[in-house]
Amino acid sequence: VQLQASGGGLVQAGESLRLSCAAPGNIFRFSAMGWYRQAPGEERYLIATVTRANTTSYARAVKGRFTISRDNFKSTVWLQMNSLMPEDTAAYFCNTVPHDDALWGQGTQVTVSS
């Protein structure tokens, strides 16, 4: 099973995008979920986490602009990205927190032009 993120695209700086990711219920139900991103030439890292109790946390680079949320009935996690900047350009992935290497999907590309 791989978690497939969707909703990426090419936008201009200042615009918004909403990413989504559905996971199998047996994984989602028992896991904190997160969004990760990887820019070209850089390592993948965690940018947003939502626990089973809906507690959220964010990396400094996205705090105040991105919002993570989850629906435990739909087994879906979202990432609302506002005020996008060129430095947000990256491939975005969802996974559990901590991540499970077996769950990495292909990610969804977000490209922000200036």
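Select the largest nonpolar core, a set of 29 residues. A nonpolar core here is a set of buried Ala, Val, Leu, Ile, Met, Phe, Trp, Tyr and Cys residues joined through side-chain atoms within 4.5 Å; buried means under 20% relative accessible area, exposed over 50%, and partly exposed in between, with a 1.4 Å probe and protein chains only. Trp-35, Ile-47, Phe-66, Val-77, Leu-79, Met-81 and Tyr-92 are the members that touch the most others. At least two core residues come from each of β3 (17-22), α1 (25-28), β4 (32-38), β5 (45-50), β7 (66-71), β8 (76-81), β9 (90-97) and β10. Helices (H or I, at least four residues) and strands (E, at least two) are DSSP runs numbered from the N terminus.

The model is predicted: local features need pLDDT of at least 70 and side-chain atom pairs count only at pLDDT 80 or more, while totals for chains, interfaces and linings use all residues. Residues are numbered from 1 along each chain as its sequence is written, and side-chain values use heavy atoms, with hydrogens and water left out.

Next, colour the open sheet of six strands, ordered β2-β10-β9-β4-β5-β6 with mixed pairing. Strands pair if DSSP finds at least two bridges between them.

Now show the cysteines. Which two form a disulfide? They are Cys-21 and Cys-94, with sulfur atoms 1.8 Å apart; the cut-off for a disulfide is a pair of cysteine sulfur atoms within 2.5 Å. Cys-21 sits in β3 and Cys-94 in β9, so the link ties together parts 73 residues apart in sequence. The link is right-handed, with 45° about the S-S bond. Both cysteines are buried.

Last, select Thr-108, in strand β10 (residues 108-113). Is Thr-108 buried or exposed? Thr-108 counts as buried because its relative accessibility is 10%. A polar atom of its side chain lies 3.0 Å from the backbone nitrogen of Gly-8. Leaving out residues up to four places away in sequence, Thr-108 touches residues including Gly-8, Leu-19 and Tyr-92, where contact means heavy atoms within 4.5 Å. Move to Tyr-92: with the same exclusion, its contacts include Thr-108, Leu-19, Ile-47 and Phe-66.

Terms used:
Polar contact = N/O pair within 3.5 Å; in protein donor to acceptor, adjacent residues only side chain to side chain.
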